[in-house]
Amino acid sequence: MLDPDRLFPIEDKTRSIARSLYEGVRSLPIISPHGHTDPSWFAKNERFPNPAQLFITPDHYVFRMLCSQGVKLEDVGVPRIDGGWTETNGRKIWRIFAKHAYLFRATPSRMWLGHAFEDVFGWTEWLNEENADRAYDHIAECLEKPEFLPRALYERFNIEALATTESPLDDLKWHRAIKESGWKGRVVTAYRPDPVVDPHYKGFIENIEKFGEIAGVDATNWEGYLEAHRIRRAYFKDFGATSSDHGHLTARTENLPQEEAAALFQKALKGECSAEEADAFRGHMLTEMARMSLEDGLVLQIHPGSNRNHSNPVFETFGLDKGFDIPTRTDYVHALKPLLDAVGMERDLKIILFTLDETSYARELAPLAGVYPALRLGPAWWFHDSPEGMRRFREMTTETAGFYNTVGFNDDTRAFCSIPARHDVARRVDCAFLATLVATGRLGEDEATEVAADLTYRLVKQAYQL
Amino acid sequence: MLDPDRLFPIEDKTRSIARSLYEGVRSLPIISPHGHTDPSWFAKNERFPNPAQLFITPDHYVFRMLCSQGVKLEDVGVPRIDGGWTETNGRKIWRIFAKHAYLFRATPSRMWLGHAFEDVFGWTEWLNEENADRAYDHIAECLEKPEFLPRALYERFNIEALATTESPLDDLKWHRAIKESGWKGRVVTAYRPDPVVDPHYKGFIENIEKFGEIAGVDATNWEGYLEAHRIRRAYFKDFGATSSDHGHLTARTENLPQEEAAALFQKALKGECSAEEADAFRGHMLTEMARMSLEDGLVLQIHPGSNRNHSNPVFETFGLDKGFDIPTRTDYVHALKPLLDAVGMERDLKIILFTLDETSYARELAPLAGVYPALRLGPAWWFHDSPEGMRRFREMTTETAGFYNTVGFNDDTRAFCSIPARHDVARRVDCAFLATLVATGRLGEDEATEVAADLTYRLVKQAYQL
Amino acid sequence: MLDPDRLFPIEDKTRSIARSLYEGVRSLPIISPHGHTDPSWFAKNERFPNPAQLFITPDHYVFRMLCSQGVKLEDVGVPRIDGGWTETNGRKIWRIFAKHAYLFRATPSRMWLGHAFEDVFGWTEWLNEENADRAYDHIAECLEKPEFLPRALYERFNIEALATTESPLDDLKWHRAIKESGWKGRVVTAYRPDPVVDPHYKGFIENIEKFGEIAGVDATNWEGYLEAHRIRRAYFKDFGATSSDHGHLTARTENLPQEEAAALFQKALKGECSAEEADAFRGHMLTEMARMSLEDGLVLQIHPGSNRNHSNPVFETFGLDKGFDIPTRTDYVHALKPLLDAVGMERDLKIILFTLDETSYARELAPLAGVYPALRLGPAWWFHDSPEGMRRFREMTTETAGFYNTVGFNDDTRAFCSIPARHDVARRVDCAFLATLVATGRLGEDEATEVAADLTYRLVKQAYQL
């Protein structure tokens, strides 16, 4: 399934430049500075239950495509909120997937799954109805073996550091367990405070109460609330955190006078914030988080612009994260101004911007990151974490922001087995881009060699302090 | 004029893959599921009057470019509303076109016209002042011959099915004539209810009256109005219709309570709708149409985002469709939510989305079509029905929506002789895209062969039930 | 540093087509119809002070990138408003730049600077800490020589005409001095009335007073104000002006009744315009300028969409034009309608549109310029004046607007030594684009040869009447 020259430029000389650049970076360790793997995997180190539960049921890229062609979510094992029937037979789920596997032609899921099947499990055919059972048996058999346990895979994947993402309300017991286990793998947490920062987050009021308890302060007044953040951030740092992360609907920021922010917080605690006020409060909290970052050094990541849970019926039946999160137009120029006026010129702060709106790459993000010292551009994200998406990212950001205002690759995934595949795609696409620059006289080959290593390894370590 | 390898990738190996994919689809029959040819051509089967009236005067792509460089619309025979002078001498019009033919370099019009001149009429030079008269005479002579009559061309073009577009107020007499003629060509209609759905459509109130008469119900009350739609849709189905089509300024949809919709309808009948109310009513009617589609199986096409008749002076002098329709930014994520919440998860419904705003391909349309079972993406449309436009369509939709949430090609034209050329361009561009995927290890060549046939023939038949 | 085939297509046959097209245009004279060089250079013809003041301190592309990676603006000699310390030692500034020169990899600045170093100064290495001093000495030595004086460079650059940009309040003394000097170089001015057209421009009220004085009329009433414009435009024409230029935040236009415009003007003179009123006034003045263009023949250029001085702290410390101008989303379809309804169909008027929002190329600008006789598209501008940006410009405008609704290249620069480099990049990118069209059967090679010369020379002379 895997062409050794995949994703490289087509023309011979340029392809051979790309090949040679890739040889220099293919074996560099993986730094995964932002993602959603489950720390309990590494804490417990238990085997993955079956191929369907490893590859299909938890992967919203996979089941959204099946859904788009009429497969019911229940039939591929997505759990219902009401506890109603959903398929639990891994083999049956796998057969449905295999029957529809042709749908994934030319999608990144096909490339990631194909890579994992072949490279991780030694299964070298793409799926169809005919080979479905054999593939299932083959992978299921592998999963029984010790070399397919989470920690073994982590090591085999050559991961140097892997970040998970947790709420401030999480006690980090799995990270504690990993730490105490003596295992050498470096699995760190990241601070994602949406549940205690967004007044319209489900359970916000109770969350704040719990937040105070877990931090050991009264978080129901503004000062205490900020203090609770400081305390939990420090706690997260104890478990390796080097970053916070923020997933708002827009990139709006505010820098309100403290009394105004405090007043909004009190309204939020009474559940009385309007949509506009909740938005302003979230926006203000980004600036507060940036100020805390100046104190404690956490990198601030902003992931805006996803209209989550677009389908009411699906949300009501299946809940969050069911593939119905749709990108929307996102403004950065006006939205970020309050934050940037407050801290944008700081040299000791790193704010990493992501987008789902590619129109902002050349128009807004590259010009912003190409001048503000505090800003960096995160890699192509989510629907754009794909060969064409990554190519467009480089083509539309490099001329204005250069390479050195970007931060290498993020896999941002909960699909553990896809991590090597995703990093491999990023390395190949970057090498293809660099080879094209060399072949068109825009960059020396020696420089390209250095840049390839920077994009793969050095920039991510530096940006995330990992 | 016609390079046999036109639009194929440049590099030799990839070009030869494209060539071989194209060989597999070049002779497949043409399915034209959406367009604006005139059914009377096929009913009457009379000869086309002259080269200018075939190629210049009715083609807004052609006269808009001439206009942009200072040619007056009157001088190329575009009729004035006030009946004032306009050129009627075909040869004079043709000479003006030939003199300016260099303006079309690298435009799709040049490719379509060149293809039609050469392939249909055997005229192998692009036009200029020197050869204008000879070309005119050559084509005029052809038009005298029986093999250039509309039905003969239809057959020679290897058309398997061709849809026209009619208003519910149309009596479909030309379609009836075609049906009764015994001719084997399959020319079907499509249901385009804008004149009775848009409260601000010219003559809306009289249209509704006529709508009731023609349907044989009282269409001035809400229930009767809906019933009239059902009756006319059934009537259109009798003449082969498999789809409805809707050309609103935005993609706004609504799903109002029936009483609210009925009240808006009454306001519309009194001519009292505000711009906002008219918009809401149009949006609501999309949802009603979708519900009817669930009953009667018509495919629902949405063509939003054209700011029509942009120039007041031109609109006042020449009326509609004079090349002054300009695309605008179009939102789909919020606009379609009411419709999708109502019927988006239906497996037996097909809604085909088009856009003139390419920024929505990767950001909105592919993510939506890549998850909602009722949605499909229409091909690159209008200004984007061009080699670069089609390439961008595939590059920006495939990774998220795959191939199988798209529906093949629409020519959407009233320029009959351009139909083979347009389908040929689409086939070539798709084969070029697929060849590139093969050459970069993203798709097997056997798979690409299958996908090429799917994109050319199978998907369009399936999506439009033709 | 300079690959002779840089920016050409990679594949051999296509590259050789590009090479041959480029051979036909590489030595054509430079027409620079819009830019910001300083006319005093050519009037005084004094030597440039040192390499840093030639290349670093005045170039916001350069110091913005340095700033983005933590270099302080003071350290590269950017003057502070408060007169506080800023580096004045050219060599120290140069060393900072050299140390960070790797940041510019794959940016247009790298290409422009590299070209100037090599072609103008004969220095053939890209900079680094090691060679910084040698490069500085080499260039400094050149600057002592008569062949590096401004007029000598102008001649050596093969410039046929060069436009600067001045305010109506400028007395054009440097242009007068050039004229009176007997030097044969053609350095003309352009009319940029923002300071007397934008009610929120700093010093607007005093500007209007001065405007009246310099024009010799009372400019504080509406009729006198318009008359002052006519007088100053005529004066600018005496110094070679063939164009006016307008740099508003949006592309908004208005065509207000004269009494309304007059009333707004009176409010502006009292400093009482709201943001909305100021915007309306600016918009209306574009239409007034267009009407004057119909009388006096000046070409009207619109450069909208830059959110200037995005950082308050930087603006307060360093003032205007410090690299903190960030593009924003820009609408043209609705914004230009009042202007186009008023004068869009005029055949004797030329309005040249620029954009910083690439999403408008295919969606709005090409469709507009492809039909309105008064409109033309300016070339890729500012952040998009780069190989990828220029390629996207051609790919997204040509199919709808053709080549002949574009106007050739503008360098729009104040970096004098970069002018040949910028024009060379544009010629190469256009030839690469044309070669690709030839190689894919979309254009004949003879036609491409003609188009290459049109894009390089003929269109710009014609559009700007130079």
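These notebook entries record what I looked up in a predicted model.

**Entry 1: the contact of chains A and B.** I began with the residues involved: chain A brings 49 residues to the contact and chain B brings 46. I then looked up the buried area, which is about 3900 Å² between chain A and chain B, with 55% of it on carbon and sulfur atoms. Ile10(A), Arg105(A) and His310(A) provide 19% of the area that chain A buries against chain B, more than any other three residues.

Entry 2: I noted 7 salt bridges between chain A and chain B. One of them pairs the side chains of Arg391(A) and Glu395(B), at 3.2 Å from N to O.

**Entry 3: the side of chain A.** Next I looked up the elements that give two or more residues to the side of chain A touching chain B; among them are helix 1 (12–25), helix 6 (108–120) and strand 7 (326–327). Helix 18 of chain A gives the largest share, 5 residues. By class, I recorded 20 nonpolar, 14 polar and 15 charged residues on this side.

**Entry 4: Arg105(B).** I located Arg105(B) in the loop between helix 5 (90–99) and helix 6 (108–120) of chain B. The side chains of Arg105(B) and Tyr404(C) are joined by a polar contact of 2.8 Å.

Terms used
Residues are numbered from 1 along each chain as its sequence is written. Chains are lettered from A and ligands numbered from 1 in the order in which they are written. This is a predicted model: local features need pLDDT of at least 70, side-chain atom pairs count only at pLDDT 80 or more; totals for chains, interfaces and linings use all residues. Side-chain values use heavy atoms; hydrogens and water are left out. Helices (H or I, at least four residues) and strands (E, at least two) are DSSP runs, numbered from the N terminus. A polar contact is a pair of N or O atoms within 3.5 Å; within protein, one must be able to donate a hydrogen and the other to accept it, and residues adjacent in sequence count only if both atoms are side-chain atoms. Contact means heavy atoms within 4.5 Å. Buried area is the accessible area (1.4 Å probe) that two parts lose on being put together, summed over both. A salt bridge is a side-chain nitrogen of Lys or Arg within 4 Å of a carboxyl oxygen of Asp or Glu. Ala, Val, Leu, Ile, Met, Phe, Trp, Tyr, Cys and Pro count as nonpolar, Asp, Glu, Lys and Arg as charged, and the others, Gly among them, as polar.
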